[in-house]
Amino acid sequence: LFATPTLGALAASMRGHQEVRVPANEIVPGSERITPEQLPLIQLTQADIDRVGAAVPGGLANVQDIYALLSLQEGMLFHHQLAPAQDPYVLVMRFVFASRELLDQYLAATQELIDRHDALRTAFVWEGMTKPAQVVLRTAQLQITELAGLDGFEPCGFDLTQAPLLRCLIAPEPGTERWALVQELHHLITDHESLEQMRSEIDQILAGRGAELPAPYPFRNVVAAATLGTRSAEHQGYFGKLLGDIDEPSTPFGLLEAHLDGTGIVEASQELAPSTVSRLRLVARQLGVSVASLCHVAWGHIVAQTSGRTQAVFGTMLFGRMQVSSGNALGLYMNTLPIRLDLDDTSVEDAARRAHAVLAELMEHEHAPLALAQRCSGVAPPAPLFTSVLNYRHNGADSSGDGAAASSLAGIELLGVEERTNYPLIISVDDDGTRLSVSVQVVTVVSGDRVCAMFARAVEQLARLLDEAPHTLVRAIGIIPEEEQAQLKAWNATSRDYPQDACVHELFEAQVDRTPDAVAVAFERTQLTYRELDERANQLAHHLRGLGLGPDRLAAIFMERSLEMVVAMVAVHKAGGAYVPLDPNYPAERVRFIQ
């Protein structure tokens, strides 16, 4: 649909399409024995199945289904195993209820959701297994813990073998009839769209319309599409062509580590100017591309500029529901995959069309394993292929931007949502159909407000150039916010009158005469006064003249940053020559070439 927006082209593209046939669930209700032949969506041994029975409450009689993990689930499980107590994929939502009665109704509605949706009754078993498995239980009870208060609450790790991976901590609010709720939910069983759906279904149940809810879409269907659909060879062919010549990571702002635990993160957000958003939507319609594609170009430009590269590789969050035939799908459907944009010698118009085409192609591989895509690049492990992720999210008009808007019913208030990942930089663009806002989660060494401002400026300039000068190269887009540009101009306003008939070393010697005992240069724990620097430079200058250095002659300075390096620079000037700086970190071949 995205690649072929006309009906004729779409019909032609569908002629060779074959829908994945989802095998039936052959586990008999109430059976206390399950065999490998009954599990078409995962290959397990009988010993594996017996371990599953021993790990879950109620044993195999309480097992409804067993299937493989999706790609993103495998990644999240990996990070859980790295730091179980500081799992970065625990989502925390904080609510306040007007009364205990209303809270109890909400908790009962949440239990109804657990009963309805397979994902909310899913546990994960991997220890001693041939491969990790997700196990759907027939019944699972919501965990509710009542405390005296929730002040100072800190999220802790989940036992992933015990469903549901959703628990509630409740406490009375002192001096009032209100009750507080902290709801923890593991990302293994939910995503942004699912959070919105959970909120909507709870609203319907609380409003007495739970019987009107449609039958849930089985999560096993998407597992079948991912495991039985596009073959691994097709994924390898696509990502090999896309990433095969990429041999260095894209690391914006110098962020090199891609396996963090979600701590040490700062957050920032900014709403884009209405005039920018209107213009962006207009040029997107004129080009026949999505606003999301334009936002990918803007972020790709920032990644390239702050990584010192001509092409950008970063992660993009895929919706993961292209194979879903119903909107009533709850679970972790999304996936993170790399997108590559070559922007250096590309016009803004061509970049927009190319980004749209790449995203459309990527959707055909929406459940490809990220590890497979990374192996198809030329980046040697353990270096990451990318360290930033863009998440473009379509929200309902009443959504908070975190997929968990407050209930539409009176008496329920959402105070906040805490969500983390293992990446050092996540940028989320929230689109409610009218407004666009950007939020950033980034490690503390980088300013989240600055990243938001850079993105807002890049989007504004991209929209303007697409409207007024579409053949302008992407590299012309400025990413420095206006406030920073003004500050840079102020800092760089350093022009001073100085003698036009004196050389640099002569001006230095005049300063030596004025302040001989003042500190001229300091490095680490050592320093030199102007007199000491002048004396050392004079000694070296005499030596250099004896070696033949003088006017129109060059001297290479091949030194680490130090006091001696400054002495050498001044000495070369005093000897009448000019110096060529050589960085000791340069490759030996480059040093020999310059020499």
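Two strands pair if DSSP finds at least two bridges between them. The legends below describe close-up views of a predicted model.

View 1. Strand 1 and strand 4 (residues 133-137) are paired in the antiparallel sense, over four bridges. Tyrosine 67 has glutamine 134, in strand 4, as its bridge partner. The sheet is open, with three strands in the order 1-4-3 and antiparallel pairing. Its edge strands, each pairing on one side only, are strand 1 (63-67) and strand 3 (122-125). On average, neighbouring strands of this sheet are turned by 25° against each other, direction ignored.

**View 2. Helix 6 against strand 1 and strand 4.** Helix 6 (residues 219-228) lies across both strand 1 and strand 4. The helix runs at about 20° to strand 1.

**View 3. Strand 2 and its pairing with strand 7 and strand 12.** Strand 2 (residues 90-97) and strand 7 (residues 179-186) are joined by eight bridges in the antiparallel sense. Within this pair, phenylalanine 95 has leucine 181 of strand 7 as its bridge partner. Strand 2 also runs antiparallel to strand 12 (residues 412-418), with six bridges between them. Here methionine 93 stands opposite valine 417 of strand 12. Buried means under 20% relative accessible area. Seven of the eight residues of strand 2 are buried, so the strand is largely enclosed by the rest of the structure.

View 4. Most peptide bonds are trans. Alanine 163 and proline 164 are joined by a cis peptide bond with omega of about 0°. Proline 164 belongs to the loop between strand 5 (143-146) and strand 6 (166-172). Another cis peptide bond, with omega of about 10°, links proline 381 and proline 382. The loop that holds proline 382 lies between helix 11 (370-375) and strand 11 (388-394).

**View 5. Glutamate 524, a loop residue with positive phi.** Most residues other than glycine have a negative phi. In glutamate 524, phi is positive, near 55°. Glutamate 524 is found in the loop between strand 15 (519-523) and strand 16 (526-529). Its relative accessibility is 72%, so glutamate 524 counts as exposed.

**View 6. Aspartate 552, a loop residue with positive phi.** Aspartate 552 is not a glycine, yet its phi is positive at about 65°. The residue sits in the loop between helix 15 (530-546) and strand 17 (554-558). With a relative accessible area of 82%, aspartate 552 is exposed.

Technical notes: Residues numbered from 1 in each chain as written. Predicted model: local features only at pLDDT ≥ 70, side-chain atom pairs only at ≥ 80, totals over all residues. Heavy atoms only, no water. Helix = DSSP H or I, 4+ residues; strand = E, 2+ residues; numbered from the N terminus. Axes fitted to C-alpha atoms, helices over the stretch in contact; angles between N-to-C directions. Contact = heavy atoms within 4.5 Å. Buried < 20%, exposed > 50% of the residue type's maximum accessible area, 1.4 Å probe, protein only.
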